[in-house]
Amino acid sequence: MPSYRAPRGTRDLLPEVRAGFSRLEGIARSLAARYGYREMEIPLFEQTAVFERGIGEATDVVEKELFRIAPRTEDSESWALRPEATAGIVRAFVQHGMQTLPQPVKLTVVGPMFRYDRPQAGRYRQFWQWDAEVIGDPGPAVDAEVIEMGRRFYVEAGVPDVQVLINSIGDAACRPAYLETLKAYFSRHAAELPELERRRLELNPLRLLDSKDPAMAALVAAAPRISDHLCEACAAHFESVRAHLDACGVPYRIESTLVRGLDYYARTAFEFYRRGAEGQQQALGGGGRYDGLVELLGGRATPAIGFALGLDRVLLALEEVGAETVTEAPPLAVVAGADPADTVSRLRVASLLRAEGLSVRAELAPRKLGRQLETASKEHAHFAVIIGDELAEGNVQLKDLEAGTQRLVPLADLARELARASKSHHHG
Ligand code: AMP
């Protein structure tokens, strides 16, 4: 029994799984580039205040799930691991004066996030997100563009049946009145509210709408809808987002209980779910417009919108639908040798080929040639380069393991021959 294990809620991405992640990251990066986003990195941890202000103190993420880093001395700053990327990206936007760049600024981050939550299927303490943010465009066209890019990610990743749920949560002009209406409604039903929800009623009544408590379902279903309380400007914005989605052929469903519980969020909110998998822990991704956040973190008032798509859940979804797993590519060639002891020649030839950009494995164990070739076939290498006495005249044997043929090739031509074979192999 090993005595050390990965911390609860984290997992090692073993090579097979890592390959699946890399594929998703590749799709994300390719999409981001195609849609004009620039990739950046932000630290894995920030001053705690960035999250407390940027995500909100009355949220689960900050209240319960923040991984705080214990300071070593009393006067050191208080830090926390990033539970999401938006706050850090906006902090960076403000810190580096990106308001002076041509607007909007489109930024993307791919990487691990941390939340101290009870681990369960699809919920980890370290998980991966693809995050994309457009800062400096009030929409509504860009809202649809962001949603369309998110949906395309699932299409290219091969997750079937992903649907877009959207809503408008109004803005500073219309939301306050709606919140009063909502508060009045839930207050009338205060006796039916579970304890936790009753406390939330004062602080943040919107959060009651996405309550995880099953006892709330009927009350929530009958609650006043924000869509019936939008001001004219918000209603027009929402209508235009929908028209742009329609024009791009993006199907969506309006979900009136889809909310974001913070003041700086405005208007468009959306989530991605697989049809038939719409439970609490099953959102594949989500995002929304956060027109008040740049200002809240010390910048000039700047409208913005973005999303965070969870990569772990995409891999789980792919597993569930039985999608083919990513296989790592075998080496093009294995460098083997007739003299088991002559590892010097094998390593030297392998090194030459690698310098030419070829993927080869050098057989460095002092084993008999037969065994070396057996292993090469087992790992599906296309060729074996066999070093023997011919090396004295500058030649090696090139054995095509798939065709079973073999011929003498001058060492000087070997890289070129292999590169050509590699190309026709891949294209054939
Ligand atoms: P959120 O920032 O909470 O809207 O999360 C965006 C996406 O990240 C979700 O839709 C999930 O796919 C993913 N996600 C959030 N929290 C976790 C977690 N604890 N474990 C795995 N994935 C997560």
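This report walks through a predicted model of a single chain, from its overall build down to a few individual residues.

## Ground rules

Because this is a predicted model, local features need pLDDT of at least 70 and side-chain atom pairs count only at pLDDT 80 or more, while totals for chains, interfaces and linings use all residues. Residues are numbered from 1 along each chain as its sequence is written, and side-chain values use heavy atoms, with hydrogens and water left out.

## The whole chain

Let's start with the big picture. The chain holds 14 helices and 16 strands. Here, helices (H or I, at least four residues) and strands (E, at least two) are DSSP runs, numbered from the N terminus. The C-alpha trace spans about 90 × 55 × 45 Å along its principal axes. Its radius of gyration is 28 Å, whereas a compact globule of 428 residues would have one near 22 Å. That radius is taken over C-alpha atoms, and the globule rule is 2.2 Å times the number of residues to the power 0.38.

How much of the chain is buried? Of the 428 residues, 50% count as buried. Buried means under 20% relative accessible area, exposed means over 50%, and partly exposed lies in between (1.4 Å probe, protein chains only). The accessible surface comes to about 21300 Å², and 53% of that belongs to carbon and sulfur atoms. These areas come from the Shrake-Rupley method with a 1.4 Å probe; for residues, only the protein chains shown count as cover.

Take the contacts (heavy atoms within 4.5 Å) between residues at least 6 apart in sequence: 70% of them join residues at least 24 apart. As for charges, there are 52 positive and 60 negative ones, and their mean positions are 2 Å apart. Lys and Arg count as positive and Asp and Glu as negative, with His and the chain ends not counted. Each charge is placed at NZ of Lys, CZ of Arg, CG of Asp or CD of Glu.

Two strands pair if DSSP finds at least two bridges between them. Strand 2 and strand 4 (residues 79-81) run antiparallel and are joined by three bridges.

## Helix 4 and Ile-89

Why is helix 4 described as largely enclosed by the rest of the structure? Nine of its 10 residues are buried, so the rest of the structure largely encloses helix 4. Among the buried ones are Thr-86, Gly-88, Arg-91 and Phe-93. The cover over the buried residues of helix 4 includes strand 2, helix 2 (48-54), strand 5, strand 6 and helix 10 (293-296). After helix 4 comes Gly-97, with a positive phi near 60°.

Ile-89 sits in helix 4 (residues 86-95) and counts as buried, with 0% relative accessibility. Leaving aside residues up to four places away in sequence, Ile-89 touches Met-40, Ile-42, Leu-107, Val-109, Asp-131, Glu-133 and Ile-135. Arg-361 is 272 residues from Ile-89 along the chain, and their C-alpha atoms are separated by 41 Å.

## Strand 12, covered on both faces

In a regular strand, side chains alternate between the two faces of the sheet. In strand 12, Ala-333, Val-335 and Gly-337 on one side and Val-334 and Ala-336 on the other are all buried. With five of the five residues of strand 12 (residues 333-337) buried, the rest of the structure largely encloses this strand. Three bridges link strand 12 to strand 13 (residues 360-362), and these two run parallel. The bridge partner of Val-335 in strand 13 is Ala-362.

Where are the cis peptide bonds to look at? One joins Gln-103 and Pro-104, with omega about 0°, and another joins Gly-139 and Pro-140, with omega about 5°. Pro-104 lies in the loop between helix 4 and strand 5 (105-114), and Pro-140 in the loop between strand 6 (126-135) and helix 5 (141-157).

Positive phi values turn up here too. Arg-267, which is not a glycine, has a phi of about 55°; Arg-267 belongs to strand 9 (residues 266-274) and is buried at 16% relative accessibility. His-380, also not a glycine, has a phi of about 65°. His-380 lies in the loop between helix 13 (369-378) and strand 14 (383-387), and at 57% relative accessibility His-380 counts as exposed.
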